[in-house]
Structure formats: C-alpha cells, structure tokens
Amino acid sequence: MEFLKVAFPGASRVVLVNGSPGGHTNTVLTFELSGTYRISLAPPNDFIPPVVEVPLARTSAFSPPVITFNPLPPSAIIP
Amino acid sequence: MRRLAALAVLASLAAAGCAHYPVNPPLARWDKDAGYRFAALEPGAGNSDSLFVCLSFSGGGTRAAALAYGVMKELRRTAIVWKGQPTTLLAEVDCISSVSGGSFTAAYYGLFRDELFTSFEQDFLKKNVTRALIGRALNPFNWPRLASPYWSRIDLAAELYDETIFRGATYRTLIDARDRPFVVLNATNMRNGVRFEFTQDQFDFLGSSLDTYPVARAVAASSAFPFLLSPLTVRAWGPAPGFQMHDEYTTALKDFDLSPVRYHRARPQVDYLDQSRVQYVHLLDGGLADNIGLRSVERAAQATDGFIFRRRGTDAPIERLVIVAVNARTDPDDDSSLSARAPGIIGVGMKTATVSMENYSFETVQAARQRADNEATVTRMYEDCARLLGECVPPRLLDPRPTFKTCVVEVSFEAIKDDAERRRFLNLPTRFDLPAADVDAVVEMGATLLRRSPYYASLVRTLGGTVPDGPAASDAECE
C-alpha cells in the first residue's frame, strides 16, 4: 500500500489521480499498488503546476511524500 | 432427382459460405460517457452509494448458476437498515462480476431483475441445455452453417441462449434499464489467457460498440468450455476516432519494474489497439483467467480508472464495501488417484482444461481479504496515533484519512461442516443438465452457506438486520 499527500492552500479540492477523482487535498491518499501516477486537481484550473507525475514505492502512512500545488494569481487564470 | 440433390448440395454450400457469426460493429466516434459503463447506471430504489455491494459468481455449469441463485434469494430475504432507511442487501447490490455458469445468473438478473425469482429455474436451471445444444448440432438444417469457417458450435450455443433464455436482449437493454447492478461478464482471451470483460470500457480498446451486441453471446463466450465449445470471436477495429486512453494505462506502461501488476494489466489492453498484431480476439471460458470472477472487482478497486476507485473523490464516497464471492468449486473423487497407470490423452486434456481453472480461486479471495485487512490495519494505526497525539500535543497533527471498510464473504461448498454432505456437493458434476433435485439442493445450500458465514452474520448484524440460525460473533467479523 502506498501513501501520498497533496497539499493545496485553502479549501479542500478534489485530487485527480490519472484523471479520476481519487480523494481530496490535504489528506493522506491511499494507493493499493505502487507505481507512477499523474496527479492534478479538479477544475477550476487555478493552480500550478498543471500536473505532477509521481512514482510511489515504499511510502509511509505517517510521513508520506507531499506534492504541492499553488494557486495562480487571478490575472494568470485562463477561463 | 439428381438435379434436386445437386441443387440441395449447392444450396448447402452457398449457405455455408454465407453463414457468419454476428460481428461487433466499429464505433463511429469514441465517447467516454456513452455505452455500457458503471457511470451510466443510477443506484436505483433502495440502493445507496455509501454502502457498495459487489457479487462475484464463479464457473461450474448449472451448479454454479444454482449456487449464485441461492445466494441471490438469501440476499433478497436479508433486511437491513442503512442510514436510517430500511432496505435489503439485494437492493444494495451495485455490481456483479461473473464467469462461465455464474454468468447465466448474473446476466439474467441484470436483464430481468425480480423475474429471476420466478422464471430462472424454468428458463435455465431446470432445463436440459446440454440436450438442446446437441439437438441443434444434430439438426441437418444447421449442418451447412456449421460447415462454414465463420460459424461454429459456440455460435449455435449463443443462438440457443438468445432465443430460449435471454429473449434477444442486447447491451442496449442493460443500458436502458439505467439502474445498477453493473454486470461484468468475463471471458478469457485465448491468445494470452488474459481476462476479457464485456463492458464498453473493454470494447473501447477494440474500437467497437457493445450497444447492439447480444447479451447471450457474451454469456456464451464466458462459458465457452475448452474442447466442448469452440472459441467465440470478436473483431478488433483499432482505435475509434477521438479515442483517448486513460492515464491509468499510459502511466502503468512505464511501471514494468516499479509496479509489474499494473504493467501486466495494461500491456494486453494497449495491444488490442495495434491492428498489425490484433484484428480478431478469440474468447474462451472466463474461468481460464479467473474462475471465481473476483478479479474484475479487485481491479475496479485498485486501478485509477476502476469504478470503485473513482468514487473516492466524489460527493458520495463509499463508506462500506461488501464483496460476496460465490465459489461453486468442486473437488470430485478421481479414479486416477487410485490407479498406478497414468491418465490417457483425453483425461490429461480434460484435466488441463479444468484443474488450472481452480488453481487461483482461493488465492484470489485471500488477496481481497488481505487488501481489506491492510486497509483496516493502517486505519487503526492512524486513529491510535491521532488519539495519542491529540492527548499530548493538541491540536491534532494528523489530517483525517478518508477510507472505507471492506468485508469479503465467501460462499463455498468447502464450508459445509458435515463430511458426507460436503463430499456430496464437492462431487457434483460441471454440466448444463443437472437433475432438478440437485438444482434444488444447491439453491438451498447457497442460501444456507451464506447464512452460516460468520463474516455475513456479523455484517448483517452491524447493518441492523438479523440472520436466522447465523453463527455467533467470532474473529471472522465484518463489523
């Protein structure tokens, strides 16, 4: 079993794992299988980077790897 | 007279040349939401999203179909209360995955719902399907068709099932029903032994639409027992216009070393897209790849495009996952084990086709239980750690970890306590013409075994129901 935390400031957002809803930001996500996953957030597209590809193997439930998305300034958001 | 005979021969040859199995059509344009997919189905009356129930039905001819039917009857009788709403466990069933004999019960329920409990015995369980199949094969009107290279015994079987059991229903019937359960009929790709499921997600990789495909043909493929029935063929058309492969596959193909499981699941699917390698897929009995039908449920929970995984980030996440694995495995007494003489070529052929089917059923159920245990262990550790941290370093340092409980219930003849009774059921044959008394006994045993399962009893008690004659609480609980 593998673990990952997706950090994003502010309100909870849906995390997309390989494009599918896989949990919420700022909680520990669980993956039954190790492997490479493409992580992003559900719309609106107001964050950077747009997507992060992360290999997960031998992770820990209590100290999982953390990937961070940051809010874009309003002027940079493409509607 | 000679002219008439010559004309008859010519007509037969012409008919033989014309006879062709129904070809699954190409997709005009790919649409990720169209077709027979889990997301296209609504929960239906009495079905909540938060209690998620999946059934798996094994192979084993009429015996397997009857055992699954007995379990369905018991699920229908089991009243529970979920989120304050009274319902039954049958109403809560969200998916059914099946192989071979179990596919008859799964498809029949998917198409005709409660008619299962009034018509299925007459339509299938107590019908001599073997005799009907042989009768069609011996009918001279079918000989020209059987002489065609594009029409074989499996097409004859599919036609019989279509006319006498499934009433000409196609997957469009299942789509139009709009309600769960999502029925996954599994066959095996003869080329590589990989599981092949009759869903639009699978047919996307063939560039084909499942909408107009007869359900009876899917059931026939799922139960195409090697040697006795020929393989069923479907066409791979190459990727449909607009097709976009899910990232589950693109990322998994990079994971040969990091995650061999994901890689080996993705590779054969992606291979279907390569027209230089695959234009036709020849399908055999689903039991060759997984004789308990549980692997599609496991994949749905593990893979990021799986319909169970995908519920994690939704507004209606799963709180409790219940898997009922109905395993009609037998262990017949075998004369060869009492003989010094090695079995002949026919005996070896039959054993090769059947023994391998049973090899991994036990491990598959255990893997599902292990997955549930791992999840529960991490959750317990997390809760304990959060509690301890909360006691000494407020506020809590750990974020909540969303998860759901999984309960795996197995129904198997092996659980029969009485030795003589167990031997009786473990010696039932795998065929489509079981005597009516045996059918009744298996149906009753299916319900009894479910009630006697300590996993099931504790689950039902936790859900506010009662199990008549159920065992007392034990370590095998699903609370």
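Two residues are in contact when their C-beta atoms, placed from the backbone, lie within 7 Å. Leaving aside neighbours within four places in sequence, B:Ala240 is in contact with B:Pro26, B:Leu27, B:Arg29, B:Trp30 and B:Gly207. The structure is a predicted model, in which local features need pLDDT of at least 70, side-chain atom pairs count only at pLDDT 80 or more, and totals for chains, interfaces and linings use all residues. Residues are numbered from 1 along each chain as its sequence is written, while chains are lettered from A and ligands numbered from 1 in the order in which they are written.

B:Ala240 is found in the loop between β7 (232-235) and α11 of chain B; helices (H or I, at least four residues) and strands (E, at least two) are DSSP runs, numbered from the N terminus. From C-alpha to C-alpha, B:Ala240 is 6.7 Å from B:Ala28, although 212 residues separate the two in sequence. With 19 other C-beta atoms within 10 Å, B:Ala240 is partly exposed. A residue is termed buried if 20 or more other C-beta atoms lie within 10 Å of its own, exposed if 12 or fewer, and partly exposed in between.

Elsewhere in chain B, two helices cross. The axes of α5 (residues 129-138) and α7 (residues 153-164) of chain B come within 10 Å and cross at roughly 120°. Such axes are lines fitted to C-alpha atoms, for helices over the stretch in contact, and angles run from 0 to 180 degrees between N-to-C directions. α5(B) and α7(B) are therefore oblique to each other, since angles under 35 degrees count as roughly parallel, over 145 as roughly antiparallel, 65 to 115 as roughly perpendicular and the rest as oblique. At this crossing, B:Ala132, B:Leu133, B:Arg136 and B:Ala137 of α5(B) meet B:Arg153, B:Leu156, B:Ala157 and B:Leu160 of α7(B). By class, the contact has 6 nonpolar, no polar and 2 charged residues; Ala, Val, Leu, Ile, Met, Phe, Trp, Tyr, Cys and Pro count as nonpolar, Asp, Glu, Lys and Arg as charged, and the others, Gly among them, as polar.

Another helix of chain B, α18 (residues 454-462), has B:Tyr455, B:Tyr456, B:Ala457, B:Ser458, B:Leu459 and B:Val460 buried. These buried residues pack against β2 (79-82), β9 (320-327), β10 (405-412) and α17 (436-452) of chain B. After α18(B) comes B:Gly464, with a positive phi near 85°.

Chain A contains an open sheet of 3 strands in the order β4-β1-β8, with mixed pairing; two strands pair if DSSP finds at least two bridges between them. β4 (28-31) and β8 (66-68) of chain A stand at the edges with a single partner strand each, so one side of each lacks a neighbour in the sheet. Strand β1 (residues 2-7) of chain A pairs with β8(A) in the parallel sense over 3 bridges, A:Ala7 having A:Thr68 as its bridge partner. With β4(A), β1(A) pairs in the antiparallel sense over 4 bridges, and here A:Leu4 is partnered by A:Leu29. A:Val28 and A:Thr30 point one way from β4(A), A:Leu29 and A:Phe31 the other way, and all are buried.

The two chains also meet: 31 residues of chain B are in contact with 26 residues of chain A. On the side of chain B that touches chain A, α15(B) gives the largest share, 6 residues. The residues of that side divide into 11 nonpolar, 9 polar and 11 charged.
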